[in-house]
Amino acid sequence: MSKPPVIPKYEFTGETLLYEGVLLQQIVAIRDIYTHHDYMPANALVTVAGTVGGWIESESSLSHSGGCFVYDDAKVFNHSAVHHNACIRNEAVIANHSMIYDNAIVKDNARVDYHSSLCNYARATNKSLIKNHSHLSDCASATNNSIVNSAFLNYFADIGKDAYITSREDYLVIGNVGSELGIFTAYRTKDKTVKCTRGCFVGTLDEFLEEVKSTHGRNKYAKQYKAMIKYVRTMMPE
């Protein structure tokens with residue numbers, strides 16, 4: 001049984017933009033665009049017909065299938081592409097043989113560059129840079145001026161301010177910790193120090209322990225966190 005034909009979901013507005021030496025074309029949705037996420041009802045409406053989008057080099061830059069779209073002033077070019085239910089927003093860029101797919105999100109001023117990719121709910125936001133054959137997956141998140149350079153980031157890793165990841169040894173993810181059974185991520189920074197994220201917290205290991213003391217005193221969660229930080233320091237010495 002043959003698959004039904006794919007109905008085009010966007011066209012070019014006729015506006016063009018020369019960006020980094022590449023001529024880009026602006027898009028506009030010509031039909032309502034629906035998608036499916038695990039946390040949304042099937043066939044959820046994500047883009048309304050008439051929505052003016054961002055800039056792509058050609059139709060190979062953005063699939064007509066699924067709920068994927070290029071929004072705002074975002075740009076996709078030089079053999080790069082957006083597929084499935086992925087989206088790119090704001091002033092983000094995907095360039096130079098890179099790709100986002102599944103349910104990945106790239107937004108703010110983030111950039112995915114040089115043969116890099118995001119998939120499976122991964123996110124790159126707030127001036128993060130994913131480059132040189134890097135790959136983010138499994139709900140991994142890079143934000144706040146973080147850099148992932150020739151590395152893989154996965155398993156709910158959440159790297160924050162000034163992160164610099166070049167290998168799997170530059171970050172450590174520990175799950176089911178604390179009173180909320182949350183995710184803790186320790187990561188290397190550009191100056192080789194170690195910072196960490198846990199929920200809304202972003203800071204050094206010492207600052208995290210001070211936050212733990214203030215919140216948990218000497219209860220069992222405080223003891224768990226102290227043991228965890230000792231393990232982190234063994235695995236990622238500064």
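**Basis.** I worked from a predicted model in which local features need pLDDT of at least 70 and side-chain atom pairs count only at pLDDT 80 or more, while totals for chains, interfaces and linings use all residues. Residues are numbered from 1 along each chain as its sequence is written, and side-chain values use heavy atoms, with hydrogens and water left out.

**Secondary structure.** I found two helices and 26 strands in the chain; these are DSSP runs numbered from the N terminus, helices being H or I of at least four residues and strands E of at least two.

**Sheet.** I followed an open sheet of six strands with parallel pairing, in the order β6-β9-β12-β15-β18-β21. β6 (69-70) and β21 (158-159) are at the edges with a single partner strand each, so one side of each has no neighbour in the sheet. Strands count as paired if DSSP finds at least two bridges between them.

**One pair.** I then looked at β12 (residues 105-106) and β15 (residues 123-124), which run parallel and are joined by two bridges. I noted R123 in β15 as the bridge partner of I105.

**Extent and burial.** I recorded a C-alpha trace spanning about 60 × 40 × 35 Å along its principal axes. Of the 238 residues in the chain, 46% are buried, meaning under 20% relative accessible area with a 1.4 Å probe, protein chains only.

**Contacts.** Taking contact as heavy atoms within 4.5 Å, I noted that 25% of the contacts between residues at least 6 apart in sequence join residues at least 24 apart.

Definitions and conventions: Buried means under 20% relative accessible area, exposed over 50%, partly exposed in between (1.4 Å probe, protein chains only).
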